[in-house]
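Let's look at a structure together and ask how we can tell what its side chains are doing. Each answer sets a value against a cut-off.

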Amino acid sequence: MKFKAVMICDFNNPISMAYSEVAIKTWEPIEGVEVEKWQCYTPETIIDNPFKLPWGSYSSASKYKNVKHKISTTEKACFTSMFHWWKHIAETGENIIILEHDAFVRHPEKLNAMIENWKDWDVWCPGIAAECIYMNQPFAKFLMREWYEFKNTIDALIKVYDDHNITILPSFT
């Protein structure tokens, strides 16, 4: 099974491109994965995205649970870039690994083993955060419904996974 991996990076940002050059080399030992770079949305281009997200004024990310944090345009651009690919998966069913520009593989043998069993999981995030994530089409459709119909945040979805029999692969980092 060949996997397409998209590495979200900013082609106009030398730091983002430097991270991506280092990270992409660590993906070379991963069998059956072809990584291509993709231009992210930026604060300047976010208005050009083909969908509208129901943004609130404040972040609901768990790291801000005790602080009222206003969502910045940079944070919106980052999330919109991820959301772009979640929506693509929901609509097409294409198997895609979504990578941030700093998605560095530390344990190729473990990641190769996980990729061999990709059909066993609805979603997996083998890193520390969402810098490397895969989801199947039913899970991506679930995310779209939660966002568009119920306007829930991704952090808020964690508690409903069990209610929907969604299988999540735990991190190995």
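Q: What makes the contact between the side chains of Lys4 and Glu36 a salt bridge?
A: In this predicted model, the N to O distance between Lys4 and Glu36 is 4.0 Å. A salt bridge needs a Lys or Arg side-chain nitrogen within 4 Å of a carboxyl oxygen of Asp or Glu, so the pair qualifies. Lys4 sits in strand β1 and Glu36 in strand β2, 32 residues apart.

Q: Why is Lys4 called partly exposed?
A: Its relative accessibility is 24%. Partly exposed lies between the buried limit of under 20% and the exposed limit of over 50%, so Lys4 belongs there.

Q: Which parts of the chain does the pair of Lys4 and Glu94 tie together?
A: Lys4 also forms a salt bridge with Glu94, with the closest N and O atoms 4.0 Å apart. Lys4 lies in strand β1 and Glu94 in the loop between α2 and β3, so this pair ties together parts 90 residues apart in sequence.

Q: What makes Lys37 and Glu21 a salt bridge?
A: Their closest N and O atoms are 2.1 Å apart. That is within 4 Å, so the pair counts.

Q: How do you know that Cys78 is in no disulfide?
A: The search of the whole structure finds zero disulfides. For Cys78, the nearest cysteine sulfur, that of Cys40, is 6.9 Å away. A disulfide needs two sulfur atoms within 2.5 Å, so Cys78 has no such partner.

Q: Why is Cys132 called buried?
A: Its relative accessible area is 5%.

Key:
Residues are numbered from 1 along each chain as its sequence is written. This is a predicted model: local features need pLDDT of at least 70, side-chain atom pairs count only at pLDDT 80 or more; totals for chains, interfaces and linings use all residues. Side-chain values use heavy atoms; hydrogens and water are left out. Buried means under 20% relative accessible area, exposed over 50%, partly exposed in between (1.4 Å probe, protein chains only). Helices (H or I, at least four residues) and strands (E, at least two) are DSSP runs, numbered from the N terminus.
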